[in-house]
Structures are given as structure tokens and as C-alpha cells.
Amino acid sequence: MRITARVISLLSILFLVACGGGDGNVEDGNAKESNVSSDYIAEKTVFAMDTVMSLRAYGPNGEKALESAESEILLLDQKLRRGSESSEIYAVNAKGSAEVSEDTAELISAALDIGESTGGAFDISIAPVMDLWGFYTGEFYVPSEAELSDSLAKVDYRNVSVNGKTVSVTNGAQIDLGGIAKGYLSSQIIDIMKKNGVASSIVSLGGNIQTLGTKPDGSSWKVGIQDPDNLDGYIGVLSISDMAAVTSGGYQRFFEQDGAVYHHIIDPVGGSPAHSGLKSVTVVSADGTLADGLSTALYVMGLNKGTEYWRSHDGFDVVFVTDDNKILITKGLADMFEGRSEALIIE
Ligand code: AMP
Ligand code: MG
């Protein structure tokens, strides 16, 4: 039996942020920003939420903004960390009900809304199933049907409730915010940038990108979408400003056993890694929390249901990469996406 796990390499995370150049082409992983020399660039790298976070802010207030952003990262990481006895999520899961900070309550409410609107494809009570597969400890395990149905009996986002700042779980539900926390954090960081007078910034939280304004020269940020089959390559480039771009894919975290691959995005129907015909889903939205929650949900839902969902909901666009390497983009991205191969436009 061979068990391996892999996470996105630091190189590719930096690559996602580093796409610069004024000509719209991403040339290599070390592309440089072509900004005006008088613009001061402040940069910071923080390790939190088990990932590398790279922050960049332009202009005179950048350093100060990044200091505040770092504090916010460490604070939220502490509050949301499931395994840490002093975290708010730990308290809710252990006691069944606990008072949390406003941030945490707001995040859980947003996550429950996405759970509701996606018919439970996004479900933050997935923790017992993640645990069963060993994704939490890294001691991976392929469960039996009986074990899966025991754990699944505890999974239902409707067993999580928020009342003011009190969060409660019932019927064995346990909260795991891994599918949405980084998106919420990136939107909080962008708010901090704004409050500090920064007008131009890009943050990458383990590949979850959020941008503020444009680059100082007025051009859009270039964000490469990772190639699921070649993590140092990309399937296309998004040109975005004031937007988040978040990718979910089974290739990002998985283990192999007896020739089969088991990844970390679970279909709450059945409790196994989702096999919906997609290699990755990238959601682009001004709302970082929504982008993160929906990237996970649409990956579970697959192309057809995902497309239907996009048609009936506002505020985001999507890049789908299918198992047979087709790229499909929703029409809002028609002028914002340049693919390495032709992309079909979803109307
Ligand atoms: P992401 O990389 O944003 O797609 O999030 C994947 C993470 O979300 C996993 O590592 C789990 O912590 C959590 N997760 C897995 N499946 C689901 C699901 N169906 N709904 C919500 N969260 C999930
Ligand atoms: Mg997500």
C-alpha cells in the first residue's frame, strides 16, 4: 500500500501572485511588475491556516497596512483553527454551543447561506467525514460504507445555527471551515488595506487570490490559473481588478492507495471525494468569501449543475476545467480570460 500526499508547491503559489508584465502575457514564474518606479511596494509572507500567504501592497501606507493584515491573519487563524483548544470553532464543536466573535459569526452565517443556496453541496458540517478519511491528521484511510454512513449521519449544515454571536451544533455536527476561511480572510485583508489608505494590493492565501484596485500603472492584475496536470504550468490567465479568484480542485490535496486517488473535496451525498467530471473550478467574484465557498461547492456540483447555479445566481463568474481538459468560462469572463487553449463561453 502506498500513501502519498501533496499540496500546492510554494513555487506555484508565488507564481500565481507574480504574474506581472504590462503586455498581458505571463512569461514565467518570476515575472516582474512593470509599475512606476516611485510606487513603493511592501511585501510580506505569513504562514497561517497551514499555507503560505503572500501579501503585497503599493504606495506609502503599504507597510502599515501589511502589519495590520498580519495581525488579522494570525487572529483569525487562531479563532478558526479546529484543532486548537483555544479556538472558537473548537469551543463550538466541543461544547455544542459557544459565543464567538463577530467575524466568526459572520463567516459561519455566510457559509450556511452558501450551504442553503447550493442545496448542501457546500456543507461546513463535513468535519466528521474529513476526519474519517484522515485528512485532518494526515493518517489517510479509505473507510467502509458502514463507517461512511455513520459519519455522514452527522453531516447536515442545517444542524449548525447562528444566533447573534452564539453558534450551536446539534445531532453530532462538527464545523470545518476549510472550504471558506481563506476567502473570508482575504476579504478582511482587503478591507484592512482600504482602511489604511491603500488603493492597490494583491494577496494570495495559498493560491486564493484577492486584488484591490488595479496595478499602480492602471492595468489589471494577471492571475494564472494553475494547470491541474502540471502544477508549474497554467491553463489560462485572468485579468482582474477589485476581484477575488479562487480555485478548487482535487489535485490540490489528495492521497493514493492501491492505485486509486482520494482527494479532499467531499460530496456530502455519499461522503466520498467528489467525482463530478471536473479537474478544477475557479470562481471570480468581488466577494472573496463567496468565491471560496462557491469554488468548493461548484466542484462538487459539476459542470451542468454548476452552470445552472450560475445562471440563477448573481455576483460571480466561473472557469471550469473538465476531466477531458475542456475549458469553459461563464460569459462575464469573456474579456477577462486568456486560455492556453480555446475556451467555450457559457451564456
Ligand atoms: P477548497 O480548497 O476551498 O475547495 O476547500 C476544501 C476544504 O473544504 C477541504 O479540505 C475541507 O476542509 C472542506 N470541505 C471538503 N468538502 C467540503 C464540502 N462539500 N463543503 C464544504 N467544505 C468542504
Ligand atoms: Mg473553497
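Is Asp 258 buried or exposed? Asp 258 is exposed, because its relative accessible area is 63%, where exposed means over 50% relative accessible area, buried under 20% and partly exposed in between (1.4 Å probe, protein chains only).

## Basis of the model

This is a predicted model, in which local features need pLDDT of at least 70 and side-chain atom pairs count only at pLDDT 80 or more, whereas totals for chains, interfaces and linings use all residues. Residues are numbered from 1 along each chain as its sequence is written, chains are lettered from A and ligands numbered from 1 in the order in which they are written, and side-chain values use heavy atoms, with hydrogens and water left out.

## The protein as a whole

The protein has eight helices and 18 strands, these being DSSP runs numbered from the N terminus (helices H or I, at least four residues; strands E, at least two). Of its 347 residues, 58% are buried, and the protein exposes about 14800 Å², with 48% of this supplied by carbon and sulfur atoms; accessible areas come from the Shrake-Rupley method with a 1.4 Å probe, and for residues only the protein chains shown count as cover. Among contacts (heavy atoms within 4.5 Å) with a separation of 6 or more, 61% join residues 24 or more positions apart.

## Around ligand 1

Ligand 1 has 17 residues around it, of which Asp 123, Asp 176, Ser 248, Ile 266 and Thr 296 come nearest; a residue is near a molecule or strand if one of its heavy atoms lies within 4 Å of it. By class, this shell holds seven nonpolar, six polar and four charged residues, where Ala, Val, Leu, Ile, Met, Phe, Trp, Tyr, Cys and Pro count as nonpolar, Asp, Glu, Lys and Arg as charged, and the others, Gly among them, as polar.

A polar backbone atom of Asp 123 is 2.9 Å from a nitrogen atom of ligand 1, while oxygen atoms of the ligand lie 2.6 Å from a polar side-chain atom of Ser 248 and 3.0 Å from one of Asp 292. The protein covers 93% of the 500 Å² of accessible area that ligand 1 has on its own. Thr 296 belongs to helix α8 (residues 288-312) and is buried, with a relative accessible area of 14%; leaving out residues up to four places away in sequence, Thr 296 touches Phe 122, Gly 179, Ser 248 and Ile 265.

Leu 148, Ser 151 and Leu 152 are buried in helix α6 (residues 145-152). Seen down the axis of α6, the buried residues fall within an arc of 100 degrees, so they line one face of the helix, the arc being that of the directions from the helix axis to the C-beta atoms. These buried residues pack against α5 (127-132), whereas the face turned away from them carries the exposed residues Ala 146 and Asp 150.

Leu 238, in strand β10 (residues 230-240), counts as buried at 0% relative accessibility. Beyond its neighbours within four places in sequence, the contacts of Leu 238 include Trp 221, Ala 245, Val 284 and Phe 337. Val 284 is 46 residues from Leu 238 along the chain, and their C-alpha atoms are separated by 9.1 Å.

## Two loop residues with positive phi

Most residues other than glycine have a negative phi. Asp 258, in the loop between β12 (254-257) and β13 (260-263), has a positive phi near 50 degrees. Asn 171, in the loop between β6 (166-169) and α7 (181-195), has a positive phi near 55 degrees and counts as exposed at 58% relative accessibility.

How values were computed: A polar contact is a pair of N or O atoms within 3.5 Å; within protein, one must be able to donate a hydrogen and the other to accept it, and residues adjacent in sequence count only if both atoms are side-chain atoms.
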